[in-house]
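Student: I'm new to this one and could use a guide. Could you take me through one part closely, and then show me what else is there?

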Amino acid sequence: MGGQPAVDGDGQASPVGRLAATVERLRQEVRAAQAEADGRALIELAKGILVERLGCGPAQASRQLAELTAQAGVTPLEFAVEVINQASRDRLSEVTSAFLAATASADPPDGHSSAVRLRTAESGALAADDTQAVADSLLEHALTPLGAEAVAIWALGSDGSLALAGSAGFSAAEAGRWRHVPPGVTTVARRGLTERSGEWIRSLSETGLPSIGQHDHPDGGRVAVPAGTGGRIHGVLEIAWPTPLESPPPAIVRQIEALAELCAHTLETYTLQHPDGAPAPRVLPDVSELMDLADGLHDPALVLVPHLDLDGHLVDFRIHHVNSRFLDPAGRPRGAVNGALLLEAYPMAAGHSELFDRIERVYATGEPFRAHRMRLTALVDDVQLAAVADINVSRHGDSVLLIWRIEDETARLASLLQHAQRLGRIGGFEENLLTGEITWNGQLYHLYGRPVTDSPVPLEELAAHAHPDDAVAIGRFLRTLLHQRRPASTAFRLQRPDGVTRHIRVVVEPVLDSAGQLYLLRGAYQDISAHHWTEVALAATRDQLAHTEQQASERNRLTLQLQHAIMPPTQAPLEVPGLDVAVRYRPAETQHLVGGDWYDAVVLPSRLVLLCVGDVAGHGIEAATSMVVLRNALRGLAVTGAGPAQLLSWLNMVAHHLTGAVTATAVCGLYDPENHTLRWARAGHLPPVLVRGSDAAPLPLVTGLLLGAVPEARYEEHEVQLAVDDTLLMYTDGLIERRDRSVEESLAQFLTVARAVPPTLDQQLDRLLTHSRSDTDDDTCIVGIRVA
């Protein structure tokens with residue numbers, strides 16, 4: 001429209017054109033009013049700075065500002081921003097130059113410079129009474145020039161949840177869906193809490209993390225920066241770009257961190273709006289209440305308050321209060337610790353234990369920290385002391401409660417020793433040879449089956465409480481210990497008063513005085529009954545296993561001899577004019593899995609060639625003998641001149657009635673060398689594969705039940721015409737079976753290998769065995785013919 005009202009055919013302005021022109025004029029007036037309102041606060045702030053610096057009144061400061069603006073040749077708003085930047089020297093001023101460089105090509109619709117827009121965003125954020133207004137101001141004045149399309153301000157709850165405190169650029173429906181994120185749900189905003197520098201994501205789709213507005217621009221960039229002040233994180237500032245985000249320069253990173261700090265001031269002062277829409281100030285617990293809580297605990301506790309530097313950065317925590325149960329690892333009194341800085345009192349807290357980092361993290365996020373048996377280190381008077389403690393750190397308002405319980409190492413070791421003795425069934429003793437005093441612990445009384453009121457048994461009387469057959473071993477043990485004064489040990493059978501016999505091992509070391517005289521014996525008894533009977537059972541088991549292995553080895557040896565005698569791995573080639581015949585047999589790699597796979601290739605009296613492969617169910621000698629019966633039966637039946645279908649029907653009756661109801665699969669074919677035809681039938685077996693040229697495919701599937709399943713069965717017969725250089729392959733399933741894939745997938749792999757046809761048939765069969773992917777430890781048979 002170009003700002004002019006639309007005209008009709010007579011050159012008169014149309015009603016629609018006049019209405020559009022009015023709307024455009026009003027829009028421009030609204031933008032101008034908004035720009036004037038945004039800049040008025042900055043101009044008044046600049047006047048106040050001149051009043052303070054020049055020592056003049058407001059009217060004179062206004063005239064001075066106008067004169068300086070005219071001399072500089074810039075607008076009053078731009079000059080006011082320059083005055084504020086020079087006077088404040090804050091983080092926002094430091095990143096103004098980077099912001100100017102990043103937005104130099106932008107053409108703001110209101111005609112303001114980038115510096116003005118940045119200060120306007122700050123002014124709007126500080127003047128806003130809720131986080132929604134902060135989000136609107138940040139997006140309009142500071143983030144849109146950087147190409148961002150939306151912004152979300154998240155408030156961090158005391159339970160670790162995230163609440164959407166304000167957003168701009170997202171639809172109302174999308175903001176409503178993301179009002180609350182429960183604790184533990186990983187989103188882009190929550191990832192921004194884990195690192196001080198925040199989470200910078202090039203493309204949201206690359207991470208798979210959920211976030212507000214994720215479906216609007218799934219390939220857009222995202223930034224989530226923690227919003228905190230004074231070391232405490234109050235929430236997260238999340239910014240969305242419509243396109244992938246390239247790595248920003250450090251100055252832009254500092255700029256966004258400064259904007260997050262602006263959001264933190266609002267989040268610190270105000271909570272989320274109540275249902276009635278009125279913002280409520282954040283109420284923080286009084287530190288005195290936390291001190292009362294610490295005094296009521298039965299564990300030692302510290303109340304810590306943040307210690308900030310002049311720039312408002314957290315540098316340490318001051319020990320504000322210690323309760324009456326506090327025990328210093330270095331043994332200092334409470335007065336020496338109370339009121340000191342944490343790193344001054346415990347400088348090693350920032351070392352390998354990372355205790356200070358844990359406390360700082362709890363203060364920043366509000367998430368409590370608990371650790372069992374954490375090693376603490378303290379440096380006092382140039383002496384490094386270490387202790388083990390259970391730690392509990394939690395934030396309450398602006399204070400942190402640190403509870404630690406120093407572990408009594410001596411008591412812990414004594415407890416561990418008692419548990420070890422009980423679990424190991426060990427009893428200790430000490431015998432003074434000069435005074436005759438003998439000390440037993442409770443576990444030793446239990447091993448002997450005696451009450452603790454009884455007198456302990458001296459070592460010299462040990463044989464009286466042992467099995468008579470162990471007297472010689474006990475005597476040798478006592479001579480080594482008492483006369484040779486060397487440590488000794490022995491095993492014996494203890495006969496207890498309750499009639500129970502236990503197998504015991506005793507280990508004793510002598511203690512000599514300064515004159516080299518023996519005066520003390522220290523040692524331990526251990527109940528090794530379970531170990532003894534385990535050894536007995538293992539010995540019997542080993543003997544039984546050795547006998548069983550010998551029987552199994554002999555059985556497998558006979559089975560393999562029988563199988564190899566009938567089914568050699570290779571066979572002398574058949575002399576058939578115009579036909580190459582080759583066979584291969586590969587036994588199972590595991591000897592105890594001797595199977596029932598069989599093959600046959602023989603020229604019948606009718607000059608037809610009988611070709612067959614089969615697989616008897618099961619393994620071992622039974623499968624091998626059943627294979628012999630079926631193979632020989634098929635040879636004898638084939639002499640009758642019957643076709644493949646009839647031969648399989650007879651062979652089914654043999655399998656069902658004459659071999660103990662064995663089951664098997666088979667494929668049988670009769671090849672006529674004169675007319676190059678093959679008649680074949682199958683009994684539950686995989687069909688033959690025809691390789692013709694560069695193609696390999698199984699023959700059409702014909703019906704046929706496996707052998708031996710029913711007394712009588714009928715089988716379908718099929719005929720195929722072979723051409724010169726055609727190759728036909730019959731095989732058992734051991735060639736292709738795999739545990740991790742289906743038969744169809746294995747067959748496809750087999751056909752791929754079969755398509756490569758080597759010069760000779762023997763080479764082709766060897767190649768198929770080499771590339772076989774079978775992993776079921778089954779036998780494998782292959783019969784191949786090639787028409788010459």
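This is a predicted model: local features need pLDDT of at least 70, side-chain atom pairs count only at pLDDT 80 or more; totals for chains, interfaces and linings use all residues.

Student: At what angle do helix α22 and helix α23 pack, and how far apart are their axes?

Tutor: Helix α22 covers residues 743-754 and helix α23 covers residues 761-770; the two pack at an angle of about 145°, and their axes lie 10 Å apart. As for handedness, α22 passes α23 in a right-handed crossing. If you want to find the contact on screen, pick out Phe750, Val753 and Ala754 on α22, then Gln764, Arg767 and Leu768 on α23. Sorted by class, that contact of α22 with α23 has four nonpolar residues, one polar and one charged.

Now set another helix pair beside it. Helix α20 (residues 621-638) and helix α21 (residues 644-657) pack at an angle of about 140°, with 10 Å between their axes. That angle makes α20 and α21 oblique to each other. Here, too, the crossing is right-handed as α20 passes α21. On the α20 side, the contact is made by Val629, Leu630, Ala633, Leu634, Leu637 and Ala638, and α21 brings Leu647, Trp650, Leu651, Val654 and Ala655. By class, the contact of α20 with α21 has 11 nonpolar residues, with no polar and no charged ones.

Let's step back for a moment. The whole protein comes to 23 helices and 26 strands. Of its 788 residues, 44% count as buried. Take the contacts between residues at least 6 apart in sequence: 57% of them join residues at least 24 apart.

In general, strands of a sheet pair through backbone hydrogen bonds, either parallel or antiparallel. In this protein, six strands form an open sheet in the order β3-β2-β1-β6-β5-β4, and the pairing is antiparallel. At the edges stand β3 (180-181) and β4 (199-201), each with a single partner strand, so one side of each is left without a neighbour in the sheet. The partner of β3 is strand β2 (residues 162-168): two bridges join them, and they run antiparallel.

One last stop is strand β12 (residues 426-432). This strand is mostly covered, with five of its seven residues buried. Seven bridges join β12 to strand β16 (residues 518-527), and the two run antiparallel; along that pairing, glutamate 430 stands opposite arginine 522 of β16. β12 also pairs with strand β13 (residues 438-440), in the antiparallel sense and over three bridges. There, phenylalanine 429 stands opposite tryptophan 440 in β13. β12 and β13 make a hairpin with five residues between the strands, where glycine 436 takes a positive phi near 80°.

How values were computed
Residues are numbered from 1 along each chain as its sequence is written. Side-chain values use heavy atoms; hydrogens and water are left out. Axes are lines fitted to C-alpha atoms, for helices over the stretch in contact, and angles run from 0 to 180 degrees between N-to-C directions. Helices (H or I, at least four residues) and strands (E, at least two) are DSSP runs, numbered from the N terminus. Angles under 35 degrees count as roughly parallel, over 145 as roughly antiparallel, 65 to 115 as roughly perpendicular and the rest as oblique. A crossing is left-handed if the near helix is turned anticlockwise from the far one by less than a right angle, and right-handed if clockwise. Contact means heavy atoms within 4.5 Å. Ala, Val, Leu, Ile, Met, Phe, Trp, Tyr, Cys and Pro count as nonpolar, Asp, Glu, Lys and Arg as charged, and the others, Gly among them, as polar. Two strands pair if DSSP finds at least two bridges between them. Buried means under 20% relative accessible area, exposed over 50%, partly exposed in between (1.4 Å probe, protein chains only).
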